[in-house]
Amino acid sequence: MRTIKMSIIGLGGRGSWWLSELLNMEDVEITAVCDKHEDRMENGRRMCAEKYGHEVFGSVNWRDVTRLDDGAEAIMITTYWNDHVKVAIDAMKHGKYA
């Protein structure tokens, strides 16, 4: 089974739910988490550390994640609608599915 490496940007209610679902998938590895609220981002990092036994990259700036060279193929974007498009375009410009 092939493992898909991916990141998640936006860790509000929907994003946190998706992160917990992705962490339960055996063929998905989360490499980075991001939210503009530091407490949400740190909670996402904690969730990943509990699953993987090590820290993942975390940032409050989505550009840090879209431009990160961490092997991620895709980024799940669960931001507010007014930010979603610019994040998706930047992710795709940097070779990641959005």
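Visitor: Among contacts between residues at least 6 apart in sequence, how many join residues at least 24 apart?
Guide: In the protein chain, 64% of them do. Contact means heavy atoms within 4.5 Å. This is a predicted model, where local features need pLDDT of at least 70, side-chain atom pairs count only at pLDDT 80 or more, and totals for chains, interfaces and linings use all residues. Residues are numbered from 1 along each chain as its sequence is written, and side-chain values use heavy atoms, with hydrogens and water left out.

Visitor: What pattern does the chain follow along the sequence?
Guide: The pattern is β-α-β-α-β-α-β-α, with four helices and four strands. Helices (H or I, at least four residues) and strands (E, at least two) are DSSP runs, numbered from the N terminus.

Visitor: And how compact is the protein chain?
Guide: The radius of gyration is 12 Å, close to the 13 Å that the globule rule gives for 98 residues, so the protein chain is as compact as a globular protein of that length. That radius is taken over C-alpha atoms, and the globule rule is 2.2 Å times the number of residues to the power 0.38. Along its principal axes the C-alpha trace spans about 30 × 30 × 20 Å.

Visitor: What share of the residues is buried?
Guide: Buried residues are 40% of the 98. Buried means under 20% relative accessible area, exposed over 50%, and partly exposed in between (1.4 Å probe, protein chains only).

Visitor: Which residues are buried in α1?
Guide: Gly15, Leu19, Leu22 and Leu23. They sit on the same side of α1, because they cover an arc of only 95° around the axis. The arc is that of the directions from the helix axis to the C-beta atoms.

Visitor: What covers them?
Guide: The cover includes β1 (4-9), β2, α2 and β4 (74-77). On the face of α1 turned away from the buried side are the exposed residues Gly13 and Arg14.

Visitor: Where does Met76 lie, and what is it in contact with?
Guide: Met76 is in strand β4. It counts as buried because its relative accessible area is 19%. Leaving aside neighbours within four places in sequence, Met76 is in contact with Met6, Ser7, Ile8, Ile9, Trp18 and Leu22. Its C-alpha atom is separated by 8.9 Å from that of Ala88, 12 residues apart along the chain.

Visitor: Switching to Asp90: buried or exposed?
Guide: Asp90 counts as buried, because its relative accessibility is 8%. This residue lies in helix α4.

Visitor: How much space is in the largest pocket?
Guide: About 290 Å³. Of the 19 residues lining the largest pocket, Gly10, Asp35, Lys36, Thr79 and Tyr80 are the closest to its centre. A pocket is an open set of points on a 1 Å grid over the protein atoms alone, where a 1.4 Å probe fits, with protein on both sides within 12 Å along at least five of seven lines; lining residues have an atom within 4 Å of a point. Grid points are joined across faces, edges and corners, and the volume is the space filled by probe spheres set on the points.

Visitor: Which elements give two or more residues to that lining?
Guide: α1 (13-23) and α4 (81-93) do. The largest share, three residues, comes from α1.
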